[in-house]
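Subject: Structure handover

Hi,

Here is the structure I promised to pass on. Have a look at it first, and then read my notes below.

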Amino acid sequence: MAVRPILIAGDPRLNTPAVPVTEFDAELAAFVQELFETNTAARGAGLAANQIGDPRAVFVYDLSSDGTRHRGYVVNPVLETSEVPETMPDPDSDMEGCLSVPGEWYPTGRADWAKVTGVDVEGKPIEVEGTGYLSRCLQHETDHLAGHLYLHRLIGRNQRAARKMIKSNGWTEPGRSWLPGQDADPFHDE
């Protein structure tokens, strides 16, 4: 297994919808383990396949919420949520980051409840449901597989600030990435 480079905003693979998985084999199981290893090395809450340049509809998650660890993966996920608020997100409780937008955080409106249904690496049905941080993660990762970064959900001044940040960081061209465990951690002071 290996830790893979994570693509940075500006790469068109992050804006391309994922393709459904049709082959359920040992290679898929090994790939899911690589996603977990990369996510762990990056100290992320979740990671979608297209963030490492793979077009398949797969994501992993590994986070703690309300004192409980939630760890798993979903192949070919389908998302269902409660109503998404249309008001300006709270900068104290709605902050969101992304491994493909390294080092940046913006208030992002998300539904409080989410459920994802899909299959495991053997094609057997699975379902993940949660509120709070787990709900946010499930929505974030399924957005990735639909070809959307969380930056696309920003509104008002947050949207304007993100556009300026993208330009000032030079993330307007494809091919940029960072390698967890080798490159400086953009989210945590070492």
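A term to start with: I call a residue buried when its relative accessible area is under 20%, exposed when that area is over 50%, and partly exposed in between, using a 1.4 Å probe and protein chains only. Helices (H or I, at least four residues) and strands (E, at least two) are DSSP runs, numbered from the N terminus.

Bear in mind that this is a predicted model, where local features need pLDDT of at least 70 and side-chain atom pairs count only at pLDDT 80 or more, while totals for chains, interfaces and linings use all residues. Residues are numbered from 1 along each chain as its sequence is written, and side-chain values use heavy atoms, with hydrogens and water left out.

**Helix H2**

Let's begin with H2, which is mostly covered, with twelve of its 14 residues buried. Those buried residues are Leu134, Ser135, Arg136, Cys137, Leu138, Gln139, His140, Glu141, Thr142, Asp143, His144 and Leu145. What covers them? The cover includes strand E2 (46–48), E3, E4, E5, strand E7 (113–119) and strand E8 (125–131), where contact means heavy atoms within 4.5 Å.

The length of H2 works out too: at 1.5 Å a residue its 14 residues should span 20 Å, and the end C-alpha atoms are 21 Å apart, which agrees. (The expected span is 1.5 Å times one less than the number of residues.) After H2 comes Gly147, with a positive phi near 90 degrees.

Asp143 counts as buried, at 6% relative accessibility. Setting aside neighbours within four places in sequence, Asp143 is in contact with Arg110, His148 and Arg153.

**The largest pocket**

H2 turns up again here. The largest pocket holds about 330 Å³ of space and is lined by 18 residues. Nearest its centre are Ala45, Gly97, Cys98, Trp105 and Tyr133. Strand E5 (95–98) and helix H2 (132–145) are the elements that give two or more residues to the lining, and H2 provides the largest share, five residues.

On the method: with a 1 Å grid over the protein atoms alone, a pocket is an open set of points where a 1.4 Å probe fits, with protein on both sides within 12 Å along at least five of seven lines, and lining residues have an atom within 4 Å of a point. Grid points are joined across faces, edges and corners, and the volume is the space filled by probe spheres set on the points.

**Helix H3**

H3 (residues 156–169) also has 14 residues, and it reaches 20 Å from first C-alpha to last, close to the 20 Å expected at 1.5 Å a residue. Which of its residues are buried? They are Asn158, Ala162, Met165 and Ile166. Seen down the axis of H3, these fall within an arc of 100 degrees, so they line one face of the helix; the arc is taken from the directions from the axis to the C-beta atoms. They pack against strand E6 (101–107). On the other side of H3, Arg157, Arg163, Lys164, Lys167 and Ser168 are exposed.

E6 is also where you'll find Pro102, which is buried with a relative accessible area of 11%. Pro102 and Pro186 are 84 residues apart in sequence, yet 5.4 Å apart in space, C-alpha to C-alpha.

**Nonpolar cores**

A nonpolar core here is a set of buried Ala, Val, Leu, Ile, Met, Phe, Trp, Tyr and Cys residues joined through side-chain atoms within 4.5 Å. The largest has 34 residues, and Val58, Val101 and Leu151 touch the most other members. Strand E1 (6–7), helix H1 (26–42), E3, E6 and H3 each supply at least two residues, with H1 giving the most, six. A second, separate core of 15 residues includes Ala45, Phe59, Val116 and Val128.

Most residues other than glycine have a negative phi. Asp66 is not a glycine, but its phi is positive, about 55 degrees. Asp66 sits in the loop between strand E3 (58–65) and strand E4 (68–81), and is exposed at 73% relative accessible area. Asn76 has a positive phi of about 55 degrees as well, and is not a glycine. Asn76 is found in strand E4 and is partly exposed, at 22%.

Cheers
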